[in-house]
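The entries follow in the order I checked them.

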Amino acid sequence: MFERLIAGAGGASDGNVWMPPQSSTAAPAVDRLFYFIFWISAFFFALIVILAIVFVIRYRKRAGRVAPVEVPTHNTPLEIAWTVIPLLIVFVIFYLGFKIFLDVVTPPKNAYEVQVTAQRWKWMFTYPNGHVDENLHVPLDTPVLLVMTSEDVIHSFFVPDFRLKRDIVPGRYNKTWFRATQEGAHDLMCAEYCGTSHSTMLAQVVVHPPGGFEKWLAEASNFLAKLPPAEAGAQVFRTRGCAQCHSLDGKANVGPTMQAVFGSSVSTRDGKRLVADENYIRESIIDPQARIVAGFDPVMPTYKGRLKDEEITVLIAYIKTLSN
Ligand code: CUA
């Protein structure tokens, strides 16, 4: 156990009982600083507790023992020592921490840029070619810059394997970057309490071997052409945030359920009735406030310009299948 702790403080580690694997270039330095602070804390904890116990036993009140007449109140060398030594230790911690902090917040110039949108309670990753995915896919050993914003409340982008955590604030862009050093899937979670489903705000960072990332991106971006319309629509529904407000099981959420909605007769807030056909669904996506279903608030944002016509078409094809 002790050797494993020490091992974690050395070179790249595959993880141990305390720490997940070190899977980014920043991870070893973060861990070294962590263990440095940890062992200093452990040392002083032990020193203080042991001395306290020794003194309590040694100087306890006993029969025949009198307190000295002159009780010392002051000892200058001792006081300087216990001020200067911790001060130096804190300076070293600050220096190491600040160095790592600067590395983590300063992305290299040639970094591959991905836009991150956090929304209660899912992640959306937008690649330079416009593809949107629910997981973050990246190439191995390449600097990746994340430009992150939130649609609603404060979230926090957290990948333990990369020792990477950064808050995401609505109305502004926060950046972070990393260079992944281990292929495969790494857990990505939200580290800021953002509401009832905070704990389910999970995704994965998939690190592809050289060449694999480009292949994945080309294939993933092509889903509209490759998949049958209803399946492509299901993917759009899942990845573009529809599922956050529209259930599939008949229960009303922030918005009406999509179960059996297509072809059904719907009452609007202004007391009219209509049949939910292709045109009504299209209108509700592009201009959600136009005709709102009775019992719901006008809270849906417009998807005009955010969804392509093709994507709306496959969404409608998918919503149709929910009425069968
Ligand atoms: Cu998003 Cu917690």
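Helices (H or I, at least four residues) and strands (E, at least two) are DSSP runs, numbered from the N terminus. I am working on a predicted model, where local features need pLDDT of at least 70, side-chain atom pairs count only at pLDDT 80 or more, and totals for chains, interfaces and linings use all residues. Residues are numbered from 1 along each chain as its sequence is written, and side-chain values use heavy atoms, with hydrogens and water left out.

**Backbone**

Most residues other than glycine have a negative phi, and most peptide bonds are trans. I looked for exceptions. Ala 260 lies in the loop between helix 6 and strand 11 (265–267). Its phi is positive, near 55°. I sorted accessibility as buried (under 20% relative accessible area), exposed (over 50%) or partly exposed (in between), with a 1.4 Å probe and protein chains only. Ala 260 counts as partly exposed because its relative accessibility is 42%.

Arg 163 also has a positive phi, about 55°, and is not a glycine. I found Arg 163 in the loop between strand 6 (155–159) and strand 7 (164–168). Arg 163 is at 16% relative accessibility, so it counts as buried.

The peptide bond from Arg 120 to Trp 121 is cis, with omega near 0°. Trp 121 sits in the loop between strand 1 (112–119) and strand 2.

**Rings**

I counted rings of Phe, Tyr and Trp (its six-membered ring) as paired if their centres lie within 6.5 Å; planes under 30 degrees apart are stacked, over 60 edge-to-face, the rest tilted. My search of the whole structure gave 14 aromatic pairs. One of them is Tyr 127 with Phe 213, tilted, at 6.2 Å centre to centre and 50° between the planes. This pair links distant parts of the chain, 86 residues apart: Tyr 127 is in the loop between strand 2 and strand 3, and Phe 213 is in helix 4 (residues 212–221). Both Tyr 127 and Phe 213 are buried. Ring pairs also join Phe 34, Tyr 35, Phe 38 and Trp 39 into a cluster.

**Helix 6**

Which residues of helix 6 (residues 229–239) are buried? I noted Ala 232, Gly 233, Gln 235, Val 236, Phe 237 and Thr 239. I took contact as heavy atoms within 4.5 Å. These buried residues pack against strand 2 (122–126), strand 3 (132–133), helix 5 (223–226) and helix 8 (309–321). Gly 241 follows helix 6, and its phi is positive, near 95°.
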